[in-house]
Amino acid sequence: MKAAAPPDAAAKPPSKKLAMIGALVAVLALGGGGAGWFFMQKGGDDTEESAKPSKKKKKAKAHAAPVFAPLDVFTVNLQPDGEEESMLQTTITLEVLGPEQADLIKANMPKVRSRVLLLLSAKKASEVKTVEGKNKLAAEILEALKKPFVEHDEPQEVNEVMFTQFIIQPQ
């Protein structure tokens, strides 16, 4: 005949299993809850921003898909450096905020070209031969092109002026 096992011995193994399962469920619940909280915090910020779009969000969209507006070649006589006269031939591409801005630039191309030509023809070759000079010129062009085409209108949203060709030749 088999001896009956004490009631305490039979109860201990299942309670260890239950304790392990309970601990595992608790760890999973805490981990899942923590992950849910993390993603909800991140998602909650996006939903608040979507109700009221911010400038940062607009700029993020602009950087996601840049829109470029190439300009035709500019050929100008530079201001003389002493007795030496020079000519500049350059091609410029603008990075704008979106397709609407590219269309606005194209629609006002005579004003764009005039502003750029006036800036370029006022320079001396010695001023624009260096990298620093070209960067300064690009900043000046950017400032000139951001000014509204119509008085009291919104400024253009031009992000960058890029020289895609830049040749200085003596005449």
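Predicted model: local features only at pLDDT ≥ 70, side-chain atom pairs only at ≥ 80, totals over all residues.
Strand S3, which spans residues 86-96, takes part in several pairings. Strand S1 (residues 67-70) is joined to S3 by 4 bridges, and the two run antiparallel; within this region, Phe 68 stands opposite Glu 95 of S3. Strand S2, formed by residues 74-77, likewise pairs with S3 in the antiparallel sense, over 4 bridges, and here Thr 75 has Gln 89 of S3 as its bridge partner. Strand S3 is mostly covered, since 9 of its 11 residues are buried.

In soluble globular proteins, nonpolar side chains tend to be buried together. The largest nonpolar core of the model comprises 27 residues, and those with the most contacts inside it are Leu 71, Ile 92, Leu 94, Ile 105, Leu 120 and Ile 141. Two or more residues are given to this core by each of the strands S1, S2, S3 and S4 and by helices H3 (99-107), H4 (109-121), H5 (125-128) and H6, of which H6 gives the most, with 5 residues. The surroundings of Ile 92 illustrate how residues from separate parts of the sequence meet: leaving aside residues up to four places away in sequence, Ile 92 touches Ala 69, Pro 70, Leu 71, Phe 74, Val 116, Ile 141, Val 161, Met 162, Phe 163 and Thr 164.

The charged end of Arg 113 sits over the ring of Phe 74, at 4.2 Å from its centre. A search of the whole structure finds 1 aromatic pair, which is formed by Phe 163 and Phe 166 in an edge-to-face arrangement, with 5.0 Å from centre to centre and 75° between the planes. Phe 163 has a relative accessibility of 23% and therefore counts as partly exposed, the limit for a buried residue being under 20%.

A further local feature concerns the backbone of His 152, whose phi is near 65°, a positive value in a residue other than glycine. His 152 lies in the loop between helix H6 (131-146) and S4, and His 152 is exposed, with a relative accessible area of 78%.

Technical notes
Residues numbered from 1 in each chain as written. Heavy atoms only, no water. Phe/Tyr/Trp six-rings, centres within 6.5 Å; stacked < 30°, edge-to-face > 60°. Buried < 20%, exposed > 50% of the residue type's maximum accessible area, 1.4 Å probe, protein only. Lys NZ or Arg CZ within 6 Å of the ring centre and 35° of its normal. Pairing = 2+ DSSP bridges. Core = buried A, V, L, I, M, F, W, Y, C linked by side-chain atoms within 4.5 Å. Contact = heavy atoms within 4.5 Å.
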